[in-house]
Amino acid sequence: MGRHNLNTVISFEVVRTLTKRRFWIATLIVPVIIGIVIGLVSLSSASTSASVDSQKNAKFTFSYVDASGIVNPAVVKAVGGTPATDPAGAVAAVKAGKLDAFFDYPKNPAKQATKVYGVDKGIFNDGKYGSVATQILVASAQGRIGDAALTTIVQGNLNIDSTTYKDGAVSGGINGVIPPLLFLAIFYVVILLLANQMLTSTLEEKENRVTEMILTTLNPTTLVIGKVIALFIVGVVQMVVFALPVILGYLFFRSSLNLPNFDISHLTLSPGPMIVGFLLLVGGFTLFTGTLVAVGAIMPTAKEAGQIFGIMMALIFVPFYVVALVVSDPSAPIVQLFTYFPYSAPVTAMLRNGFGSLSVPESIGVIVELFVLGAVVLRIAVRLFRYGSISYTSKVSLRTVFQRQK
Amino acid sequence: MEPPTAEPLVYIDHFRMDFGKTTVIRDLSFDIRRGETFGFLGSNGSGKTTTIRALLGIYQPTAGILHIDGRPFQPEDGNRLGYLPEERGLYKKEAVIDTMTYFGRLKGLGKHAATAWSLDYLERVGLADKAKTRLDKLSGGQQQKVQLGVTIMNQPELLILDEATKGFDPVNRRLLMDIIEDQKKAGATVMMVTHQMQEAERLCDRVILLKDGAAEAYGTIPEVQDQFGGTMIRMTYSGTIPKSPHYDITSQETSYAELTLTDKTDEAVILRDLVDAGVLVRSFTTSKISLEDIFIQVYGDENSPAEDN
């Protein structure tokens with residue numbers, strides 16, 4: 001009977017949510033906006049590309065003076081420039097629009113600024129003056145070095161292939177960091193999408209005065225767990241709907257969107273961090289869900305429950321204020337505090353797990369803490385729903401609820 | 001109270017309920033026998049709803065035993081119970097048929113059986129065309145009919161109706177009574193909370209009158225009437241009615257009076273005493289005291305028994 005009722009609650013909650021027009025409007029509005037943005041970006045990329053091409057080919061008149069002696073007149077001549085004899089006259093010509101630009105190279109371009117004067121041709125086109133002035137100097141310097149390889153090295157354009165080891169084995173580096181951090185991303189998406197619904201899920205029974213009918217038909221634990229599972233399913237549907245345009249955009253419009261080519265074959269899936277990440281996700285989800293349901297059972301209306309919502313949301317973002325410390329100095333007292341404080345623990349621990357600074361004992365400690373507290377809070381939530389949801393119009397007194405011992 | 005011998009369906013013994021420092025039920029004991037219609041009567045705030053909620057495990061009693069079919073109620077037994085609470089409510093944003101099917105399934109019916117039963121019921125109560133309408137689009141009376149349907153789904157053994165007729169017009173009240181009667185014929189035991197004393201007198205096999213968290217009267221209707229004197233005399237007269245240890249003058253106008261007997265004295269003896277005292281008696285009729293009169297006696301004039309209308 002219990003399993004039958006759990007399935008009944010899950011299917012009722014999922015179906016009634018997914019068949020609501022309001023749900024689909026709210027869910028589809030994000031991917032539709034993303035789609036519109038992708039379309040606009042795609043269009044503007046094409047237009048920008050054409051504009052860059054036309055700028056590349058567009059020549060402009062300029063003159064220059066060179067106090068450094070580095071500039072090669074041949075390079076300047078190749079791009080259509082001429083030496084100036086009277087800097088003040090050249091600037092005046094630019095001001096009058098008779099000359100497009102004038103470059104004044106200082107004695108030491110490495111330390112002093114090269115002055116560029118140009119006719120204003122719009123914020124995007126004006127950039128070409130500085131670019132050309134720089135390219136002239138770079139090309140001239142390369143010519144003086146006389147070795148293409150040395151020039152590349154001087155410019156720092158090097159390919160580095162790193163291999164790092166952890167406990168005697170090759171560690172994944174950044175490719176090993178990304179997969180466990182995906183659990184953190186899922187945690188954020190699920191909580192942000194569903195927290196408000198979790199908060200108001202049991203409020204519906206209270207606001208509709210349907211609690212007594214429910215409590216005499218169904219075990220409250222079954223109802224609460226059924227609602228949580230249904231919300232998770234709804235959240236998965238929402239995530240798929242959100243992700244779909246991004247995936248389609250990446251697969252079919254990557255070049256027009258100028259998206260980088262992600263080679264996921266290089267990602268390293270280490271079992272340890274992946275298992276820890278998954279358990280932290282489930283434990284954190286249980287704790288936050290239980291807390292939100294408990295708050296919903298206490299508050300008489302969605303409006304009043306919403307005040308608590310902001311606090312809960314702040315708690316999952318707080319660890320990001322010390323993210324640099326979380327990554328660089330995991331033993332710092334504030335990081336340790338955030339690792340074990342229940343409502344900052346999931347995010348902090350998942351971050352540290354991703355960056356490899358969460359030790360095995362710490363992992364076990366946080367996971368056990370989250371699961372135990374999650375179970376306790378869910379139990380309290382059920383009790384608050386059982387006794388609190390009969391208080392239709394007033395906030396429930398916790399003391400009254402917990403005085404009623406079985 | 002003697003321990004139950006005929007295995008009552010509902011058994012409440014020395015029930016006490018405190019909310020903080022407030023005692024809502026002092027000491028309450030009664031039982032409800034299988035197949036009977038039991039009237040749970042009392043003024044507002046007398047503790048009726050609290051007793052029902054404690055019986056159904058929604059409240060934890062401070063003390064006492066509250067059993068249904070020999071044990072405390074568990075939600076798992078919900079498919080054998082039909083409960084229409086005083087606080088009416090269903091999922092208002094959902095369609096009528098979806099809500100009814102949901103509750104039907106929670107009461108142990110299969111999806112198709114729950115839907116079929118619901119459609120039949122809606123046909124009977126004249127709401128067949130509203131099956132796919134959202135509940136909040138229905139009138140209050142129509143919503144009540146839907147809620148009654150949810151209550152009686154899957155042939156409950158025990159029906160607890162907390163002011164079932166509240167908000168119904170006379171036609172729909174009749175329809176509701178017919179439905180309850182059908183449930184009784186099918187073997188259901190009915191516990192009804194009502195302020196309609198005539199309704200209780202007509203339908204109930206036994207009643208309990210609750211006042212300040214304790215039973216003021218308990219038993220069959222004649223037994224309760226006997227507890228309050230049992231017989232009432234209505235008379236028109238001239239003269240002065242003398243005081244007597246055998247009756248109370250419960251109502252008196254210029255030439256009309258109602259006397260409630262306080263003991264088993266024969267009505268003929270009262271009539272002779274009145275005549276001997278010089279009262280000119282023009283008419284003299286006797287009847288059993290009504291539940292409504294008993295209600296007024298117990299709770300006073302400020303609590304009209306039909307005030308929920």
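Predicted model: local features only at pLDDT ≥ 70, side-chain atom pairs only at ≥ 80, totals over all residues.

Me: What makes the pair A:Lys20 and B:Glu94 a salt bridge?
Reply: The N to O distance between the side chains of A:Lys20 and B:Glu94 is 3.1 Å. The cut-off for a Lys or Arg nitrogen and an Asp or Glu carboxyl oxygen is 4 Å, so the pair qualifies. The count between chain B and chain A is three salt bridges, and five residue pairs there are in polar contact, both residues being at pLDDT 80 or more.

Me: Which elements of chain B supply two or more residues to the side that touches chain A?
Reply: They are strand 5 (81-84), helix 2 (96-106) and helix 4 (140-152). Helix 2 of chain B gives the most, with five residues. That side of chain B divides into 16 nonpolar, eight polar and ten charged residues.

Me: How much area is buried between chain B and chain A?
Reply: About 3,000 Å² is buried, and carbon and sulfur atoms give 59% of it. On the chain B side, B:Gln60, B:Tyr91 and B:Leu106 lose the most area to chain A, together 23% of what that side buries. In contact are 34 residues of chain B and 30 residues of chain A.

Me: Why is B:Gln297 called partly exposed?
Reply: Its relative accessible area is 41%. Buried requires under 20% and exposed over 50%, so B:Gln297 falls in between.

Me: Where does B:Gln297 lie, and what does it touch?
Reply: B:Gln297 lies in helix 9 (residues 291-299) of chain B. Leaving out residues up to four places away in sequence, B:Gln297 touches B:Phe228, B:Thr260 and B:Ile289.

Conventions: Residues numbered from 1 in each chain as written. Chains lettered and ligands numbered in written order. Heavy atoms only, no water. Contact = heavy atoms within 4.5 Å. Buried area = accessible area lost by both parts, 1.4 Å probe. Polar contact = N/O pair within 3.5 Å; in protein donor to acceptor, adjacent residues only side chain to side chain. Helix = DSSP H or I, 4+ residues; strand = E, 2+ residues; numbered from the N terminus. Nonpolar A, V, L, I, M, F, W, Y, C, P; charged D, E, K, R; others polar. Buried < 20%, exposed > 50% of the residue type's maximum accessible area, 1.4 Å probe, protein only.
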